[in-house]
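Please keep the structure in view while reading.

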Amino acid sequence: MPLDVILLVLFGALLHATWNAIIKAGSDKSLDAALISAGGAVSALPFLPFLPLPHASAWPFIGASAILQFAYFQLVAAAYRAGDIGLVYPLMRGCAPLLIAATSGFILKENLSGGALAGTMTISAGVLTLALEARRGSSRAVILSLANACVIASYTYVDGIGARISGNAVSYTLWMSLLPPLLLFSWAASQRGAFAVVRHVRRNWWRGLIGGAGSIASYGLALWAMTKAPVATVAALRETAILFALVISITVFKEKASIWRYVAGVVIAIGGLLLKLA
């Protein structure tokens, strides 16, 4: 994988960890997830007039992605309510690239080299190592996390293919971001009432803009990278976001770090090096 692609994916991983921290720190995780999604759409709007429309063949993928993104944000909020981030985040983000690596040969006809496969598996092992440090958890949290790993793998495939056939990965990403917030806020209003939703938006709109801009930039960088490198390797490298999340958890949330965090950091770094050398 070229160095410039690796660096941009790593920067996207930093942005990903940042907007996840915004949701974790919020008082209402479901509405904050909807705000993040809406912030991404608002950030995308100014750029749409200057970009070409995605090719017609990409629009079904955009629609499918919107539904999967809706499910993803709902499961993120539910999983964070059910369990500790030390368990939930590694399971969600660590299992997804394993699923992709195991199935990409069949679905995308992409055969990974021995080095790329080793790097992918090493990064996933490092991320999953962090689950060993979880102090609190539940079967519900585990089930939600694993279910979301399947959703993540699914939308990675959908968007990886869609971005490639769209003619412009950036345009695909921005158009793809518009529908999920409509689904999320419609669902929230039906469950919580429009007044509660509007009140939360008025008080926390800035969180949505900051997190949403980071979310759309992070995913856009990943989709661009998938047009330059195999989907499985990009998906694995993107999960280095957990390293940035660990730094945030220690410096911002003042969480204590066990030996497993440092072990996982070393393993993930080795996996990144293997991908570079592959």
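A crossing is called left-handed if the near helix is turned anticlockwise from the far one by less than a right angle, and right-handed if clockwise. Helices themselves are DSSP runs (H or I, at least four residues), numbered from the N terminus. The model is predicted, with local features requiring pLDDT of at least 70 and side-chain atom pairs counting only at pLDDT 80 or more, while totals for chains, interfaces and linings use all residues. Residues are numbered from 1 along each chain as its sequence is written, and side-chain values use heavy atoms, with hydrogens and water left out.

Two packed helices are described by the angle between their axes and the distance between the axes. Here axes are lines fitted to C-alpha atoms, for helices over the stretch in contact, and angles run from 0 to 180 degrees between N-to-C directions.

Helix α3 (residues 59-82) and helix α7 (residues 169-176) have axes that come within 9 Å and cross at roughly 50°. The two are therefore oblique to each other, the class left once angles under 35 degrees (roughly parallel), over 145 (roughly antiparallel) and 65 to 115 (roughly perpendicular) are set aside. In this pair α3 passes α7 in a right-handed crossing. Contact, meaning heavy atoms within 4.5 Å, involves Trp 59, Phe 61, Ile 62, Ser 65 and Gln 69 of α3 together with Tyr 172, Trp 175 and Met 176 of α7. By class, this contact has six nonpolar, two polar and no charged residues, where Ala, Val, Leu, Ile, Met, Phe, Trp, Tyr, Cys and Pro count as nonpolar, Asp, Glu, Lys and Arg as charged, and the others, Gly among them, as polar.

Helix α3 also packs against helix α8 (residues 179-192), their axes coming within 8 Å and crossing at roughly 50°. This crossing is right-handed. From α3, Ala 66, Ile 67, Gln 69, Phe 70, Phe 73 and Gln 74 meet Leu 179, Pro 180, Leu 183, Leu 184 and Trp 187 of α8.

Attention now turns to α6 and α9. The expected span of a helix is 1.5 Å times one less than its number of residues. For the 28 residues of helix α6 (residues 139-166) this gives 40 Å, and the end C-alpha atoms are 40 Å apart, which agrees. Helix α9 (residues 194-226), with 33 residues, would span 48 Å if straight, yet spans only 39 Å between its end C-alpha atoms. α9 bends by about 70° at Asn 204, the bend being the angle between axes fitted to the seven residues ending there and the seven starting there.
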